[in-house]
Amino acid sequence: MKSAVIYARYSSEKQNDQSIEGQLRICNKYAQENNFMIVDTYIDRATTGLNDQRPAFQQMLADCAKPVPWEIVLVYAIDRFGRNSIEIAVNKQKLKKNKKTLISATQRTSENIDGSKNLDGILLENMYIGLAEYYSQSLTHNALT
């Protein structure tokens, strides 16, 4: 059985804890179906994904560098991990350096649960990241105009 943590986040005051509850429900269901044991949960509320300066996210990254009993970071969708393609790449590298794998409960990712490469996931994950970054930047742009 693989061990995992869940990272959940919602972006703004317009959203609420139901968003977190929904993410946790889907992630826990995915974990059960894939024989993961959830050992911890990291949650950021009303925090943007445009940068990685999120308290729970930073704690998760710090914890992954320690001898922790988990191998997988499970998110509802890639945009919960972040909405900045450069920071996502840097933070995924931090996970990988510490032998951790990022998995989404709802989207194909570049690595499989066992850590092997997922060829179609490489393309899809990068598309998800690009769309998330575009969406966030377009909201910012539209708010300024």
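Modeller: Buried means under 20% relative accessible area, exposed means over 50%, and partly exposed lies in between. The model is a predicted one.

Biologist: Why is asparagine 35 called partly exposed?

Modeller: The relative accessibility of asparagine 35 is 44%.

Biologist: What makes the phi of asparagine 35 worth a remark?

Modeller: Most residues other than glycine have a negative phi. Asparagine 35 is not a glycine, yet its phi is positive, at about 60°. Alanine 46 also has a positive phi, near 50°. Alanine 46 sits in the loop between β2 and α2 and is partly exposed, with a relative accessible area of 27%.

Biologist: Why is valine 39 called partly exposed?

Modeller: Its relative accessibility is 35%. That value falls between the limits of 20% and 50%, so valine 39 is classed as partly exposed. Valine 39 is part of strand β2, which spans residues 36-44.

Biologist: What makes valine 39 a member of a nonpolar surface patch?

Modeller: A patch residue needs over 30% relative accessible area and no salt bridge, and nonpolar side chains are joined within 5 Å. Valine 39, at 35%, passes the cut-off for area. Together with Met1 and Met37, Val39 makes a nonpolar patch of about 310 Å².

Biologist: Which residues does valine 39 touch, leaving aside those up to four places away in sequence?

Modeller: They are Ser3, Ala4, Val5, Pro69 and Trp70. With proline 69, 30 residues apart along the chain, the C-alpha separation is 7.7 Å.

Biologist: How do you know that lysine 2 and glutamate 71 meet in a salt bridge?

Modeller: The criterion is a side-chain nitrogen of Lys or Arg within 4 Å of a carboxyl oxygen of Asp or Glu. For lysine 2 and glutamate 71 the N to O distance is 3.8 Å, so the pair meets the criterion. Lysine 2 lies in strand β1 and glutamate 71 in the loop between α2 and β3, so the pair ties together parts that are 69 residues apart in sequence. Lysine 2 is partly exposed at 26%, and glutamate 71 is partly exposed at 32%.

Biologist: How many salt bridges are found in the whole structure?

Modeller: The search finds seven. One of them links lysine 29 to glutamate 33, with the closest N and O atoms 3.7 Å apart. Those two residues are four apart in helix α1 (residues 17-33), and are therefore separated by about one helical turn.

Biologist: Why is glutamate 33 called exposed?

Modeller: Exposed requires over 50%. Glutamate 33 has 55% relative accessibility, so it counts as exposed.

Biologist: Is arginine 80 buried or exposed?

Modeller: Arginine 80 has a relative accessible area of 7%. Buried means under 20%, so arginine 80 is buried. Its side chain meets that of aspartate 79 in a salt bridge of 3.1 Å, N to O.

Biologist: Why is serine 136 called buried?

Modeller: At 8% relative accessibility, serine 136 is under the limit of 20%, so it counts as buried. Serine 136 lies in helix α5 (residues 119-144). Leaving aside residues up to four places away in sequence, it touches Leu50 and Arg83.

Biologist: How do you know that the buried residues of α2 line one face of the helix?

Modeller: In α2 (residues 55-64) the buried residues are Ala56, Phe57, Met60, Leu61, Asp63 and Cys64. Seen down the helix axis, they fall within an arc of 165°, so they line one face. Their cover includes β1, β2, β3, α3 and α4.

Biologist: What makes strand β4 covered on both faces?

Modeller: In a regular strand the side chains alternate between the two faces of the sheet. In β4 (residues 101-104), Thr101 and Ile103 on one side and Leu102 and Ser104 on the other are all buried.

Biologist: Why is β3 said to pair with β4?

Modeller: Pairing needs at least two bridges. Four bridges join β3 (residues 72-75) to β4, so the two strands pair. They run parallel, and valine 73 stands opposite leucine 102 in β4.

Note on methods. Residues numbered from 1 in each chain as written. Predicted model: local features only at pLDDT ≥ 70, side-chain atom pairs only at ≥ 80, totals over all residues. Heavy atoms only, no water. Buried < 20%, exposed > 50% of the residue type's maximum accessible area, 1.4 Å probe, protein only. Contact = heavy atoms within 4.5 Å. Patch = residues over 30% accessible without salt bridge, like charges linked within 9 Å, V, L, I, M, F, W, Y side chains within 5 Å. Areas by Shrake-Rupley, 256 points an atom, 1.4 Å probe, with all protein chains shown as cover. Arc of directions from axis to C-beta.
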